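Visitor: I have not seen this one before. Can you walk me through it?

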Amino acid sequence: MPTSSRRNFLRLAGAAGGGLAFAGGLYPFTAHADPIRPSSVDMVPEGKATTIWYRTPAVEANIIQEALPVGNGRLGALIGCDPADDFVYLTDGSFWTGGRNDTLTDDGQLPYGKDDFGSFGLLAKLRIALPGHSGDAMSDYRRQLDLSNGVVSATYRHRGTRYRREVYISHPDDVVVIRLTGDGKHTGTVSLSGTHDETTAGGNGQLSIAGALGNGLRYAAAVTAASDTGKVRVDGDKINFVDCHELLIVLCGGTDYSPDATKNYREPATDPLAVARGKVSAAAKVSATQLLNTHVADYQRLYNRFTIDLGNSSPVQRSLDSWSRIAVRYTDKSTPDPELEATYVQYGRYLTITGSRDWLPMNLQGLWVHNNNPDWYADYHTDINVQMNYWLADPAGLGENSHALAKYCVSQLPVWTDVTKRLYNNERNRFRNSTGKIAGWAIAFSTNIYGGSGWVWHPSGNAWLCNSLWRHYEYSQDRDYLELIYPVLKGAAEFWQARLITTKVTDPDGTSREVLIDDSSWSPEHGPDGKGNTYAQELAWELFEEFKVASRTLHRDVELAADLAAMQDKLYMPQVSPKTGWLEEWMSPDNLGETTHRHLSPLIGLYPGDRISADTSPAALLDGVRALLTARGMDSYGWACAWRSLCWSRLKEAEKAYQLYLTILRPSLNNGNGSSANWFDMYSQGSYTIFQIDANLGGSTAALEMILYSRPDVIELLPALPHAWAAKGSVSGVGARGGFEVDLSWRNGKATEATVHSVGGTTTELRAGDFRKRINLKPGKSVTVRIS
């Protein structure tokens, strides 16, 4: 993390289990000082900006597949851009039903319903109607998401007159901004509605809704409009505008959620309606140009940290709209489209920037739902999905966007710890610790924003969340951040110290020895319960490794670290089955689950872990890993293809990794898996599909893993570069573990030059094929290396 970011990192104080004091204040939906406004900003001009674009508006019935997303990390919205009847579906990351959910079901597990566990939902809908702008009089329509500037826009002609609208959500101003401009006049209405039968109120130049969910969460939304020309006035439950050459519409909403367990995750002092009204009023007083400059400057501060060039596409490919383009790429597998494949990475970065900025991380759908009944409640799934959401951030130059996950875990920790102590060892829980010991914290497979867990207990989930938090420390070497997450790491480590049990195993040479194994658990999400599952053993090993480094770095809990190190040495580590030739998933030579199952749980030591490495692991172990990965297949759900691609990259099998990357990009047709028109990844449910953001982010990560593989003390260039990208390319700002960023160029499949920047790291080894060079740097310094 750059020094300035470290200084500004939000400090949290307090002890786990006893409440946390948040020095930075409340969840961002509060009044705040006016943002600093740049006098100008260097927007990337039309023709040079990276975009995804379409020739038609989104159809509202297909909103999740066609509408374009905007967001600022707290607010999210889906935009249709229909000139005559536009829609904006608004979300707030804290708009959740449910609660603490700490009453066990009859089998010792946790409830998993919309009212008890809870669900993410849709806050409000906005409509903009221009009745005359429809029909045969329309021409030259183009809708696009400008990834370079962070703006959705639509341009068209009506009876030969040019019109434009642009939409974005400003993080500094914390509002949705919609601007209608052009050479003609705009006449129409703006309306606002809630999603829980609220009454829309009009007055003082605004429309608003307000209410409270069944769990007591208060919420509100407000909208206003302004113009220097024409007439704008509130008329009942609508805003009417007449003959406006330019119209500025400002929308905001939020809740009284607070990330503070001691307040039961509420802030009584916050009046959501007053805050929403205040924010739209303040923004509407600022010129549209100033609002845009402020937004773009803030957005580009993150977006411009990274670039990617995988080669040139053809003029014919560039002429295709984005939905047609992925369809053609999937149909014509022999003709690469490198600019398309690079744009997909930038789209993943856009979703990270717009979906993860503040206190709450991205859930199964990021910030973008279109109703109040999302599948799996759009929860935080802790056995791959929320973790995959954050695999991209650091490699793609967006490390600070991973802070939302860390802040979330810290804010939930007091309740997770309390519930674990009271409920985890309940005699009805089949995953309880048979030792009778309990310490630290545990969660279920699903979590909400109130400290609540749902579905069934997930004893390995704490270790995997810690692995995701640890990744950012490895990339940044930021001691302040490590101080923040240390209580989370320690609580998870203490849980595993209490959980592991001793058993005897016989090695192939006949030697008997005592080992430590996980108690009864599940290998997600298939097969029987079992002890010593590979998934759990690998995660425990990684957790103990992380805690050793954290303890040594912060000079804390030396005795605990030594005890865990001794336990790590006694952990049973998986073997290759003599029956299947695969790495064992269960502590058994038999495969007890589905051969082609979507999860790669037993390969977690290969990715995202480091215990298994193509460079250092025994050949027999790697053969078992490769055999299991081969058996899983080359097709599955998007996130499963992303994980497979990452594993093949770790094994340095470039073409298999690339094939799976292209499978993620395939068009979703006939309710099948793949990318929708707006490039959201669709998860097939047979008769319908749902959006899951993890595949977008995991797929983008897979592309970067083919280009750079970093692990403790090593940065390897082009470990799995596919033939399609080999001719010529470059990346800049790629994060590397150990505290580095790398700029890299290549030609004809070989790295030619690399610049290594220290963002906190001091030493690493740079590798490219047979090339080796030791790098020693002071923090903040750089070195350029010519390779061939």
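Visitor: Is Gln 346 buried or exposed?
Guide: Gln 346 counts as buried, because its relative accessibility is 7%. Buried means under 20% relative accessible area, exposed means over 50%, and partly exposed lies in between, with a 1.4 Å probe and protein chains only.

Visitor: Which helix is Gln 346 found in?
Guide: Gln 346 is found in helix 7, residues 338-355. Helices (H or I, at least four residues) and strands (E, at least two) are DSSP runs, numbered from the N terminus.

Visitor: What is Gln 346 in contact with, leaving aside its neighbours within four places in sequence?
Guide: With those left out, Gln 346 is in contact with Leu 147, Tyr 303, Phe 306, Thr 307 and Ile 308. Contact means heavy atoms within 4.5 Å.

Visitor: Where do the numbers come from?
Guide: This is a predicted model, where local features need pLDDT of at least 70 and side-chain atom pairs count only at pLDDT 80 or more, while totals for chains, interfaces and linings use all residues. Residues are numbered from 1 along each chain as its sequence is written, and side-chain values use heavy atoms, with hydrogens and water left out.

Visitor: On to sheets. What is the order of the nine strands that form an open sheet?
Guide: The order is 3-8-9-10-11-18-15-14-13, and the pairing is antiparallel. Two strands pair if DSSP finds at least two bridges between them.

Visitor: Which strands stand at the edges?
Guide: Strand 3 (51-54) and strand 13 (201-203) do; each has a single partner strand, so one side of each is left without a neighbour in the sheet. Neighbouring strands of this sheet are turned by 15 degrees against each other on average, direction ignored. For such angles, axes are lines fitted to C-alpha atoms, for helices over the stretch in contact, and angles run from 0 to 180 degrees between N-to-C directions.

Visitor: How many bridges pair strand 3 and strand 8?
Guide: Four bridges, in the antiparallel sense, with strand 8 covering residues 138-146. Tyr 54 stands opposite Arg 143 in strand 8.

Visitor: And what is the order in the open sheet of five strands?
Guide: That order is 19-32-33-34-37, and the pairing is antiparallel. Strand 19 (307-309) and strand 37 (782-786) are the edge strands, each pairing on one side only. Strand 34 (residues 750-758) and strand 37 are joined by five bridges, and Val 756 has Val 783 as its bridge partner in strand 37.

Visitor: Now hairpins. How many residues are between strand 21 and strand 22?
Guide: Five residues are between them, and Gly 451 in the turn has a positive phi of about 80 degrees. Strand 21 (residues 443-447) runs antiparallel to strand 22, with four bridges joining them. Ser 446 has Gly 454 as its bridge partner in strand 22. Five of the six residues of strand 22 (453-458) are buried.

Visitor: What about the hairpin of strand 30 and strand 31; which residue takes a positive phi?
Guide: Asp 713 does, near 80 degrees, and this hairpin has two residues between the strands. Strand 30 pairs with strand 31 (residues 714-717) in the antiparallel sense over four bridges, and Ser 710 stands opposite Ile 715. Strand 30 (residues 708-711) is covered on both faces: Leu 708 and Ser 710 are buried on one side, Tyr 709 and Arg 711 on the other.

Visitor: How much space lies in the largest cavity?
Guide: About 110 Å³. Grid points are joined across faces, edges and corners, and a volume is the space filled by probe spheres set on the points. The largest cavity is lined by 14 residues, with Leu 708 and Ser 710 among those nearest its centre.

Technical notes:
1 Å grid on protein atoms, 1.4 Å probe; cavity = no way out; pocket = protein on both sides within 12 Å on 5 of 7 lines; lining within 4 Å.
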